[in-house]
Amino acid sequence: MVPAEAEAEILAELRRLRARVPQLSGALAGSSDGLVLAQDSAATEVEAVAALTAAALGVAQRLSDSTGQGGFRELLVRGEHGYVATYAAGDAAVLTLIAEPRVNVGRLHLEARRSSLRIAELIDDILGRRGPVRPALPPSPSA
C-alpha cells in the first residue's frame with residue numbers, strides 16, 4: 001500500500017517509539033480502513049489487529065461525533081493483561097499500540113501523540129498533501 005521507502009520511515013518511527021516506551025510489546029501503523037502500513041511487533045496476527053482497529057475506529061468516531069466531542073483523537077482499552085491504545089495519525093491512518101499493564105499511561109499518551117503526528121506527516125507526504133498536519137491535541141501549556 002505504501003512505497004518501501006515510506007514504510008521504512010514509518011517503521012523507524014515505530015521503533016523509536018518502542019525505545020521511548022519500553023513497556024510496549026507491539027506497535028502498528030495502519031490505514032483507517034484496516035490495512036497494515038508498517039508494524040513492529042512479534043504478534044503474528046497483525047492483519048487481524050489492523051482490521052479490528054478499523055472496526056473500533058468506526059465505533060469511536062461515531063461515539064465521539066454523536067456526543068458532540070468532535071473528531072476522533074484516541075481510544076484506550078484496558079484489559080486484564082495490559083492496554084491497547086489507538087491514536088489518529090491524520091485523516092488516513094492510525095497508530096495502534098499494545099502495552100504491558102505496568103506502562104505509565106501518561107507517558108504512553110505523550111509519546112504516542114508525538115509519533116502519531118510524525119506518521120501523519122509521512123502519510124500526507126505519500127499522498128501528496130504537503131500542508132500543515134492537524135495536531136492530535138492542542139499543545140499543552142508547558143510545550
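Trainee: Why is Arg-113 called partly exposed?

Mentor: Arg-113 has a relative accessible area of 26%. Buried means under 20%, exposed over 50%, and partly exposed in between, with a 1.4 Å probe and protein chains only. The value of 26% lies in between, so Arg-113 counts as partly exposed.

Trainee: What kind of model do these values come from?

Mentor: This is a predicted model, in which local features need pLDDT of at least 70 and side-chain atom pairs count only at pLDDT 80 or more, while totals for chains, interfaces and linings use all residues. Residues are numbered from 1 along each chain as its sequence is written, and side-chain values use heavy atoms, with hydrogens and water left out.

Trainee: What makes Glu-74 and Arg-113 a salt bridge?

Mentor: Their side chains meet at 2.7 Å, N to O. A salt bridge needs a side-chain nitrogen of Lys or Arg within 4 Å of a carboxyl oxygen of Asp or Glu. At 2.7 Å the pair is within that limit, so the name applies. Glu-74 lies in strand E3 (residues 74–79) and Arg-113 in helix H3, so the bridge ties together parts 39 residues apart in sequence. Helices (H or I, at least four residues) and strands (E, at least two) are DSSP runs numbered from the N terminus. Glu-74 has 25% relative accessibility and counts as partly exposed.

Trainee: How do you know that Glu-9 and Arg-118 meet in a salt bridge?

Mentor: The N to O distance is 3.7 Å, and the limit is 4 Å, so the pair qualifies. Glu-9 belongs to helix H1 and Arg-118 to helix H3, 109 residues apart. Glu-9 is partly exposed at 31%, and Arg-118 is partly exposed at 30%. Eleven salt bridges are found in the whole structure.

Trainee: What makes the link between Thr-96 and Thr-86 a polar contact?

Mentor: Their side chains make the contact at 3.3 Å. A polar contact is a pair of N or O atoms within 3.5 Å; within protein, one must be able to donate a hydrogen and the other to accept it, and residues adjacent in sequence count only if both atoms are side-chain atoms. Thr-96 is in strand E5 and Thr-86 in strand E4. Thr-96 is buried at 3%, and Thr-86 is buried at 7%.

Trainee: Why do E1 and E5 count as paired strands?

Mentor: Seven bridges join them, and they run antiparallel. Two strands pair if DSSP finds at least two bridges between them, so E1 and E5 meet the condition. They belong to an open sheet of five strands in the order E2-E1-E5-E4-E3, with antiparallel pairing.

Trainee: What makes E2 and E3 edge strands?

Mentor: Each of E2 and E3 pairs on one side only. Helix H3 lies across E1, E2, E3, E4 and E5.

Trainee: Which residues have the most contacts inside the largest nonpolar core?

Mentor: Leu-95, Leu-97 and Ile-119 have the most contacts inside this core of 27 residues. A nonpolar core is a set of buried Ala, Val, Leu, Ile, Met, Phe, Trp, Tyr and Cys residues joined through side-chain atoms within 4.5 Å. Helix H3 gives the largest share of this core, six residues. Leaving aside neighbours within four places in sequence, Ile-119 is in contact (heavy atoms within 4.5 Å) with residues including Ile-10, Leu-14 and Leu-95.

Trainee: How do you know that Ile-123 is buried?

Mentor: Ile-123 has a relative accessible area of 6%, and buried means under 20%, so Ile-123 counts as buried. Ile-123 is found in helix H3. Its C-alpha atom is separated by 8.0 Å from that of Ala-6, 117 residues apart along the chain.

Definitions and conventions
Axes are lines fitted to C-alpha atoms, for helices over the stretch in contact, and angles run from 0 to 180 degrees between N-to-C directions.
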